[in-house]
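Please open the model in your viewer and keep the selection panel at hand.

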Amino acid sequence: MSFLNSLDQLKHSNKKKKYTYKNISFLTNIEKKDYLVVMFHGISNINIYPVFRGYDYYFNNANVLSITDPLVKYYPQLKIGWYLNTIKYPKTTETVIEIVKHIKKICNSKKIIFVSNCSGALFALKLSCMLNEICLIANPHTIIKSSDCWDHYHWNDESLEKGYRMPLMKEDNYKKVNILNEIIKKNDDKILSFNDLDGRNYFKRYGFPLYLLGYTHKNDYTAKWLIKIKECYNDNKNIKIIFNDVITNKPHHSPFMNSNLRNEVNILLNEL
């Protein structure tokens, strides 16, 4: 792992290398390529920190930049994170954007594709709106707290009140685990804004991504959120939502039909 005082220390390399800049850990190759694929992870584990989603992804016409959620390092109890800004660590978004823009510039890349599945997809959507770039997300957490969609287990009002995950319905099975909000609260920290938990707020604040491609299974809990996201677009054609309808007992882990995330990124790159 190389610790950087300045992003100007980055050198071109066709091999992926690990870096840390302003407490943000990332893995990337740095070559002159047309596109930059930026990837965020979902479920995390401090035992394998830093977590680099797409560490083994390579594309002919794109560099791959994998970025770890720093909250996993700050709060080892976390099993899932959403790359949120907090009072103690308010500059996660700002620093990630600084890294992404710098690598895009030194590689002369034309476009960025923000990619993730599950919880990391919320951050991928946010940055694609802020930078007006392309977004590819699968089984994505896009509206995890709102007034018109059921809340994610970690963010429903009862969970926030009790301090641990509460079931959304009485018949739901669950185990009593601390939620992110409670973990950081016990460390005298606080999420800066709950508005960041509803992706539709990004559209209002920053505008839409250049293009949004979303995948999920029709029976997954994320399907309702993607439908709500698509409703925001009205006549805007720069969105495509694909629902897998193949029968499965694990819909959240089956967003694609006879494919996978790496393959779908490659297909998109070849279509650009």
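A contact, throughout this tour, means heavy atoms within 4.5 Å. The model is a predicted one, in which local features need pLDDT of at least 70 and side-chain atom pairs count only at pLDDT 80 or more, while totals for chains, interfaces and linings use all residues. Residues are numbered from 1 along each chain as its sequence is written, and side-chain values use heavy atoms, with hydrogens and water left out.

**First selection: L7.** Select L7, in the loop between strand 1 (2–4) and strand 2 (13–21); helices (H or I, at least four residues) and strands (E, at least two) are DSSP runs numbered from the N terminus. Leaving aside residues up to four places away in sequence, L7 touches Y21, E98, I99 and H102. Is L7 buried or exposed? L7 counts as buried because its relative accessibility is 5%, where buried means under 20% relative accessible area, exposed over 50%, and partly exposed in between (1.4 Å probe, protein chains only).

**Second selection: the whole chain.** Show the chain as a cartoon to see eight helices and nine strands. The C-alpha trace spans about 55 × 45 × 35 Å along its principal axes. Of the 272 residues, 58% are buried. Among contacts with a separation of 6 or more, 64% join residues 24 or more positions apart.

A pocket is an open set of points on a 1 Å grid over the protein atoms alone, where a 1.4 Å probe fits, with protein on both sides within 12 Å along at least five of seven lines; lining residues have an atom within 4 Å of a point. Select I43, I80, C118, Y221 and H252, which lie nearest the centre of the largest pocket among its 32 lining residues. Strand 6 (111–118), strand 7 (134–140) and helix 5 (180–185) are the elements that give two or more residues to this lining. The space in the largest pocket is about 790 Å³, a volume being the space filled by probe spheres set on grid points joined across faces, edges and corners.

Select K22, N23, I24, P70, Y74, Y89, P90, K91, T92, E94 and T95, which line the second largest pocket. Helix 2 (residues 92–106) gives the most to this lining, with three residues. About 150 Å³ of space lies here.
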